[in-house]
Amino acid sequence: LALLGGGLAADGMSAELFDAALRQEIQAVRIVAAVQRFEPRQSVNAMGAPIHTSDYSVDVTWQPANARAHEAWDIQTHYPIPAEFAFTLTYNEQHGVRRGSQGPLGPPGDSEAPIEFARVGASFKDLWLTNPLILSAFATALPDGESDSRRSFFAHGTEWMLQIDRATGLPVELSTIETDPHEGEIENKVVFSDWREVSGVPFPYRLAQYTGDKLVRREVRSEIVVNPRDAEALLELPRMTAENNQADYDWGWSMSHILLKRGGGGNNHAPQFTNVTFEEAGEGIFIMAGSSHHNLLIVGPEGLALVDASWYSQRSETLLA
């Protein structure tokens, strides 16, 4: 491969022809991987290594052009709650369903329920971010005078930055800017290695994901199949799934690193902002519980003091109201 014009292209082929050929060749792709997840903001010792939150195997079948995907997870969480469970997610941009366990932070037993569309948006964002050649085939380059080894381009309403190994023409890393409840804008970056050819198309078999400069995920892919025969059967959705909420989808897309980090820790639900309850812990002292972050309210002689567990601004607004 060589970097030509606006994207990645085979020698002697224009970027446009290469991208069109790639879009036609990859009707669907199946990726089987083993993943480790980390929480960089928490450690056993001050300034120590990030907590290892979970290990899981995931089997993903994805149709990029039709925006359809199926994920099968078998996960062991270590933190915050040790547990083993399995579930599947099947979704497109209009519908989605979760089958199996909802994890240690959800209701007990297996179930079938619509997926929150914040999670759908986050999952699609992650599929593009971790498969740079497929993303490049659906992208338009931004002509801003970048170097041969570093390119920004626009796809799916998002700007991406691609770093290229000039010796091989293959991506080294792909990044985008997302929002974070603690840090504001933050870089969500994936570093690629161990490239192998599958049905004539290169794929990375190892990746590491960082938010800012903190490691949040390691992934080793054991199998990749282009155009698997069982794709249609896996991607079929039942009628009962909920309709897309575009605002939730966009919100999940904008901070995919947070929602998928939560999912990797066993919390498969989008954060809740309005489920606030009051419990009196002592005279003039109240616990304001709800979702994964709780708060303390102290009634003083001249007003109220609120101890806020830093989270999303929407939740802080609910607490103040």
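Student: How do you know that the length of helix α2 agrees with its number of residues?

Tutor: The expected span is 1.5 Å times one less than the number of residues. Helix α2 covers residues 117-129, which is 13 residues, so it should span 18 Å. Its end C-alpha atoms are 18 Å apart, and therefore the two agree. This is a predicted model: local features need pLDDT of at least 70, side-chain atom pairs count only at pLDDT 80 or more, and totals for chains, interfaces and linings use all residues. Residues are numbered from 1 along each chain as its sequence is written, and side-chain values use heavy atoms, with hydrogens and water left out.

Student: What makes α2 largely enclosed by the rest of the structure?

Tutor: Burial. Buried means under 20% relative accessible area, exposed over 50%, partly exposed in between (1.4 Å probe, protein chains only). In α2, 13 of the 13 residues are buried, so the rest of the structure largely encloses this helix. For the protein chain, 46% of the 321 residues count as buried.

Student: Why is Ser256 called buried?

Tutor: Its relative accessible area is 1%, so Ser256 falls under the 20% cut-off. Ser256 sits in helix α6. Contact means heavy atoms within 4.5 Å. Neighbours within four places in sequence aside, Ser256 is in contact with Ala122, Lys125, Glu178 and Asn188.

Student: Why is Ala139 called partly exposed?

Tutor: Its value is 21%, between the 20% and 50% limits, so Ala139 is partly exposed. Ala139 lies in the loop between α3 (132-137) and β9 (140-141).

Student: Which residues are in contact with Ala139, leaving aside its neighbours within four places in sequence?

Tutor: Phe153, Phe154 and Ala155. Ala139 and Ala155 are 16 residues apart in sequence, yet 4.7 Å apart in space, C-alpha to C-alpha.

Student: What makes a run of residues count as a helix or a strand?

Tutor: Both are DSSP runs, numbered from the N terminus: helices are H or I with at least four residues, strands are E with at least two. The protein chain comes to 7 helices and 19 strands.

Student: What makes a space a cavity and not a pocket?

Tutor: The way out. On a 1 Å grid over the protein atoms alone, a cavity is a set of points where a 1.4 Å probe fits but cannot get out. A pocket is an open set with protein on both sides within 12 Å along at least five of seven lines. Lining residues have an atom within 4 Å of a point. By this rule there are 3 cavities of 30 Å³ or more.

Student: How much space lies in the largest cavity, and which residues are closest to its centre?

Tutor: About 230 Å³. Of the 19 lining residues, Val58, Val60, Asp126, Leu127 and Arg217 are the closest to the centre. The elements giving two or more residues to this lining are β3 (29-39), β4 (51-63), β5 (68-77), α2 and β15 (214-226).

Student: Which residues line the second largest cavity?

Tutor: Arg37, Asp126, Gln209, Val216, Ser256, His257, Leu260 and Lys261. The space is about 40 Å³. Helix α6 (residues 256-264) gives the largest share of this lining, 4 residues.

Student: How much space lies in the second largest pocket?

Tutor: About 200 Å³. Its lining includes Pro40, Arg41, Lys214 and Leu215.

Terms used. Grid points are joined across faces, edges and corners, and a volume is the space filled by probe spheres set on the points.
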